Amino acid sequence: MTGPGTEEDRDTPAQAAHGYAHVVSDVMTRSVATVNLRTTFKDVVRTLQDRRVSALPVLDDSSRVVGVVSEADLLPKEEFHDLDPDRRTQLRRMADLAKAGSDTAQDLMTAPALTTPPGATLAQAARVMARARVKRLPVVDDTGRLLGIVSRADLLKVFLRDDQDIAEQVRREVVAYLFPGPASDIWVDVHDGVVHLGGRMRDRSLVPVAARLVRAVEGVVDVRFELDRSGHRRR
């Protein structure tokens, strides 16, 4: 019914295969608490409490994710416990009333489940969460089988990246690409994730391009330009 781990048992960015997190599989929780279609209401509640999570993937007999059951799916049973809803409420809250009378995960879950592939970028996963207003996404393979789960907190881990690592990547992948040469006139400083990029830039039309490429680097909070004609760093 449940996996052997909790949402605290997850990989850190330092454990990512390429040195730092770039895709969902780099930060997802690999051991996930789950329930199956036949799990009872009480066992769902017990699993949520024991694992200290607010939602659980629901798996079929082939370990495919068929839905997600959350605290929100369980609350109608308490809400309508001693309430006799009027006709208007019955029509407006039909789905919640159905869940209030349900006893298994199959009838309680929200389906189909909103999921993400392991190769999705962190930005893509963040956009899905924001648009759907969900806190986590099951990670599934091409057949729908569960591989892990990724939460909002997992996606925010990228902002813990060391400033020096960010600066090195910006120099290597942005400055060297846009401003090639043995001695570039562009300097890079990073403080608390904010990239300061300045010096002498001969083609100012490259500023928006540089800004877009820098913001695409994992862990960057913002980018600021400090350009002058001499190429010297402003104080």
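In the largest pocket, strand 3 (65-70), helix 3 (71-79) and strand 4 (136-140) each contribute at least two lining residues, helices (H or I, at least four residues) and strands (E, at least two) being DSSP runs numbered from the N terminus. This is a predicted model, in which local features need pLDDT of at least 70 and side-chain atom pairs count only at pLDDT 80 or more, while totals for chains, interfaces and linings use all residues. Residues are numbered from 1 along each chain as its sequence is written, and side-chain values use heavy atoms, with hydrogens and water left out.

A pocket here is an open set of points on a 1 Å grid over the protein atoms alone, where a 1.4 Å probe fits, with protein on both sides within 12 Å along at least five of seven lines, and lining residues have an atom within 4 Å of a point. The largest pocket has 17 lining residues, with Ala55, Val68, Ser70, Val134 and Lys135 nearest its centre, and helix 3 gives the largest share of that lining, three residues.

Turning to the second largest pocket, 14 residues line it, and Leu122, Ala123, Val158, Phe159 and Glu218 lie nearest its centre. Helix 7 (122-132) and helix 8 (152-156) are the elements that give two or more residues to this lining.

Leaving aside residues up to four places away in sequence, Gln169 touches His22, Arg161, Val174 and Val217, where contact means heavy atoms within 4.5 Å.
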